[in-house]
Amino acid sequence: MHITLLIADLLPPPGFALPVAMPVLDAVLARSRVAVSPGSTLEDAVLDAFGCDATAPIAALTAAADFPGQAESVSGKTWVRADPVHFAVSRDNIQLFDSHVIKPTAAEMAAIADTINAHFAEDGLHVTFPDAARGYIEINANDVPTTTPIWAMGNASVFENLPRLSSKSRTNWRARTNEIQMLLHDHPVNQAREAAGMVPINGLWLWGGGGLSGLTIEPHFAHVVARLALARGLAVTSRCELQTLPATADALFDAMANPPRDQTTLVVIHTATREIRAQSRETWPAEVARIDREWITPAVAALANGKIASLTILLPSESATMTIRARADGVIPQIKKLFATKRSLKDYA
């Protein structure tokens with residue numbers, strides 16, 4: 001079995017937090033071939049693993065994961081994502097905060113969907129939220145706007161990235177964004193949130209439009225283990241075997257006791273990214289330490305004892321992307337000795 005661990009954001013963005021000690025990973029770095037390339041987001045790295053890029057129809061791909069049992073119906077439609085956000089207005093700009101920060105609930109999004117769908121009933125616009133963090137609107141194939149992925153909006157100007165008309169769109173999606181914002185201004189959901197000291201859900205971010213027709217996916221893996229909707233959707237669409245990410249590597253290896261010979265497996269771990277996007281400076285270090293302890297350490301041990309045939313660790317982050325091809329020979333016997341090395345992950349970046 002050949003394992004690739006794709007683990008995003010083990011290095012923090014500038015000013016977020018100090019890098020965390022990862023003794024096992026640092027020891028592996030000293031015994032491995034390490035390739036360093038420009039920084040990447042979690043999503044860009046996942047898309048690249050499937051032979052795609054950010055021009056792929058993200059809404060249609062994640063819909064394949066979010067509407068289980070409806071794959072045939074979903075795959076034949078064109079979608080745009082409509083994700084709950086908070087627009088924070090300042091004197092010179094509007095900044096977007098996504099679901100990692102605002103933490104919407106299913107009940108809140110159901111109530112918001114009812115309001116929006118009633119308002120736009122005559123226009124045929126209908127939004128649904130199979131997950132509280134992700135909304136979908138089915139659109140015509142010739143009505144796809146030019147948009148900016150929500151993961152690129154962390155420090156970006158909302159004004160400069162609102163949906164734009166394209167050769168494939170005829171609806172004024174920018175106006176729809178503004179109209180939805182007005183609908184949510186005094187919505188009962190937001191009155192309750194503000195009374196509880198929470199930021200309101202005062203908009204939907206429209207992005208990622210398109211359909212799966214004509215999309216070419218060339219995955220490098222036959223088996224995908226992930227909770228991330230994009231990774232799961234890519235796996236479903238490319239007909240890879242899909243498994244939900246367990247809590248630890250040991251649990252994964254136990255569940256895969258007799259894998260097919262030469263099986264190639266991609267494991268996507270995005271919990272450190274989630275902490276960064278939630279602006280959780282206090283909890284991100286503990287999550288990174290947990291990943292080193294519960295994923296990297298058991299994976300290295302499995303490589304050393306022959307439980308897996310090869311181990312690649314792919315580490316995308318804002319500052320750099322590192323690809324580590326771990327060596328089976330002598331890794332574990334060298335660990336204690338290599339703990340003394342002063343070169344760590346951040347030094348490679």
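This is a predicted model: local features need pLDDT of at least 70, side-chain atom pairs count only at pLDDT 80 or more; totals for chains, interfaces and linings use all residues.

Q: With which other strand does β1 pair, and over how many bridges?
A: β1 also pairs with strand β10 (residues 264–269), in the parallel sense, over six bridges. There, T4 stands opposite L266 of β10.

Q: Is β1 mostly covered or mostly open?
A: Mostly covered: of its six residues, five are buried.

Q: How should I read a nonpolar core, and which residues have the most contacts inside the largest one?
A: In soluble globular proteins, nonpolar side chains tend to be buried together. Here the largest nonpolar core holds 45 residues, and V46, F50, W205 and L234 have the most contacts inside it. Elements giving two or more residues to this core include α2 (42–49), α9 (229–237) and β10. Another core, of 41 residues, lies apart from it, with L11, L252, A299 and M322 among its members.

Q: How do the axes of α2 and α9 cross?
A: Two packed helices are described by the angle between their axes and the distance between the axes. For α2 and α9, the axes come within 10 Å and cross at roughly 15°. Angles under 35 degrees count as roughly parallel, so α2 is roughly parallel to α9. The crossing is right-handed.

Q: Which residues meet where α2 and α9 are in contact?
A: E43, V46 and L47 of α2 meet L230, A231 and L234 of α9.

How values were computed:
Residues are numbered from 1 along each chain as its sequence is written. Side-chain values use heavy atoms; hydrogens and water are left out. Buried means under 20% relative accessible area, exposed over 50%, partly exposed in between (1.4 Å probe, protein chains only). Helices (H or I, at least four residues) and strands (E, at least two) are DSSP runs, numbered from the N terminus. Two strands pair if DSSP finds at least two bridges between them. A nonpolar core is a set of buried Ala, Val, Leu, Ile, Met, Phe, Trp, Tyr and Cys residues joined through side-chain atoms within 4.5 Å. Axes are lines fitted to C-alpha atoms, for helices over the stretch in contact, and angles run from 0 to 180 degrees between N-to-C directions. Angles under 35 degrees count as roughly parallel, over 145 as roughly antiparallel, 65 to 115 as roughly perpendicular and the rest as oblique. A crossing is left-handed if the near helix is turned anticlockwise from the far one by less than a right angle, and right-handed if clockwise. Contact means heavy atoms within 4.5 Å.
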